[in-house]
Amino acid sequence: MIGQRMGTEHRSMAAPQQVFLGHSAEDKPVVRGLCDRLARAGFRPWLDENDLLPGQDWEFEISRALRDSDVILVCLSTASVAKPGYVQKEIRRALSIADEKPEGTIFVIPARLDRCRVPDRLRQWQWVDLFDEAGYSQLIASIKSRDSSCRGILDGPDRKSTRLNSSH
């Protein structure tokens with residue numbers, strides 16, 4: 001109950017972190033592979049084709065998933081950065097939600113799928129190059145470090161980690 005009331009910023013440490021995968025349709029094959037890897041690593045990736053049900057209002061559900069996610073991975077490629085459309089709208093929504101987060105919180109992670117240019121509006125965050133050998137392990141380290149920083153918010157600076165017990 002406490003974890004639910006606290007929202008995504010203070011979720012119980014037992015719950016896997018939700019990682020929203022924002023991407024262009026052209027990048028779907030690569031993003032599917034990334035989704036599978038993140039799931040195997042113990043995260044809860046949110047991917048439209050896996051998480052949207054027939055009949056759902058997809059724009060509403062995507063907005064909700066963006067807000068409910070612990071991390072938003074903005075997958076960038078040469079095709080996606082030049083393409084107008086919904087992926088640009090997703091980026092704007094992600095940035096709007098990021099503005100509500102405490103300073104220093106890892107929330108938006110630009111992820112280059114190829115050697116594309118990172119859009120100016122995403123350049124304030126360190127990006128990860130998933131086409132490089134070390135990129136995936138850097139991404140995992142970043143998401144895991146976010147988990148540690150949230151634990152610090154729950155525990156305070158002078159207390160040891162306390163796990164939330166759902167039986168109370």
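Me: How many helices and strands does the protein chain have?
Reply: This is a predicted model, in which local features need pLDDT of at least 70 and side-chain atom pairs count only at pLDDT 80 or more, while totals for chains, interfaces and linings use all residues. Residues are numbered from 1 along each chain as its sequence is written, and side-chain values use heavy atoms, with hydrogens and water left out. Helices (H or I, at least four residues) and strands (E, at least two) are DSSP runs, numbered from the N terminus. On that basis, the protein chain has seven helices and five strands.

Me: In what order do the elements run from the N terminus on?
Reply: You can follow them along the chain in the viewer. From the N terminus on, the elements of the protein chain run α-β-α-β-α-α-β-α-α-β-β-α.

Me: What is the strand order of the open sheet?
Reply: Strands of a sheet pair through backbone hydrogen bonds, either parallel or antiparallel. Here two strands pair if DSSP finds at least two bridges between them. The open sheet has five strands with parallel pairing, in the order β2-β1-β3-β4-β5.

Me: Which are the edge strands?
Reply: Let's stay with the order β2-β1-β3-β4-β5. Each edge strand pairs on one side only, and these strands are β2 and β5 (128–129).

Me: How many residues of strand β3 are buried?
Reply: Buried means under 20% relative accessible area, exposed over 50% and partly exposed in between (1.4 Å probe, protein chains only). In a regular strand the side chains alternate between the two faces of the sheet. In β3 both faces are covered, with Val71, Leu73 and Cys75 buried on one side and Ile72, Val74 and Leu76 on the other. Strand β3 (residues 71–76) is therefore largely enclosed by the rest of the structure, the buried count being six of six.

Me: How far is the sulfur of cysteine 75 from the closest cysteine sulfur?
Reply: A disulfide is a covalent bond between the sulfur atoms of two cysteines; the cut-off here is a pair of cysteine sulfur atoms within 2.5 Å. A search of the whole structure finds zero disulfides. Cysteine 35 is buried at 4% relative accessible area, and cysteine 75 is buried at 1%. The sulfur of cysteine 75 is too far from that of cysteine 35 for a bond, at 10.0 Å.

Me: Is the aromatic pair of phenylalanine 20 and tryptophan 46 stacked or edge-to-face?
Reply: Rings of Phe, Tyr and Trp (its six-membered ring) pair if their centres lie within 6.5 Å, and planes under 30 degrees apart count as stacked, over 60 as edge-to-face and the rest as tilted. The search of the whole structure finds one such pair. The ring centres of phenylalanine 20 and tryptophan 46 are 5.2 Å apart and their planes are at 15 degrees, so the pair is stacked.

Me: How many residues apart in sequence are the parts that this pair ties together?
Reply: Phenylalanine 20 is buried at 1% relative accessible area, and tryptophan 46 is buried at 10%. Because phenylalanine 20 lies in strand β1 (residues 18–22) and tryptophan 46 in strand β2 (residues 44–46), the pair ties together parts whose separation in residues is 26.

Me: Over which ring does the charged end of arginine 37 sit?
Reply: A charge sits over a ring if NZ of Lys or CZ of Arg is within 6 Å of the ring centre and within 35 degrees of the ring normal. Lysine 101 lies over the face of phenylalanine 107, at 4.7 Å from the ring centre. For arginine 37, the charged end is 3.6 Å from the ring centre of tyrosine 136.

Me: What is the volume of the largest cavity?
Reply: On a 1 Å grid over the protein atoms alone, a cavity is a set of points where a 1.4 Å probe fits but cannot get out, and lining residues have an atom within 4 Å of a point. Grid points are joined across faces, edges and corners, and a volume is the space filled by probe spheres set on the points. The lining of the largest cavity includes Val74, Cys75 and Leu76, and β3, α5 (78–82) and α6 (86–98) each supply at least two of its residues. The search finds two cavities of 30 Å³ or more, and the largest has a volume of about 40 Å³.

Definitions and conventions:
On a 1 Å grid over the protein atoms alone, a cavity is a set of points where a 1.4 Å probe fits but cannot get out, and a pocket is an open set with protein on both sides within 12 Å along at least five of seven lines; lining residues have an atom within 4 Å of a point.
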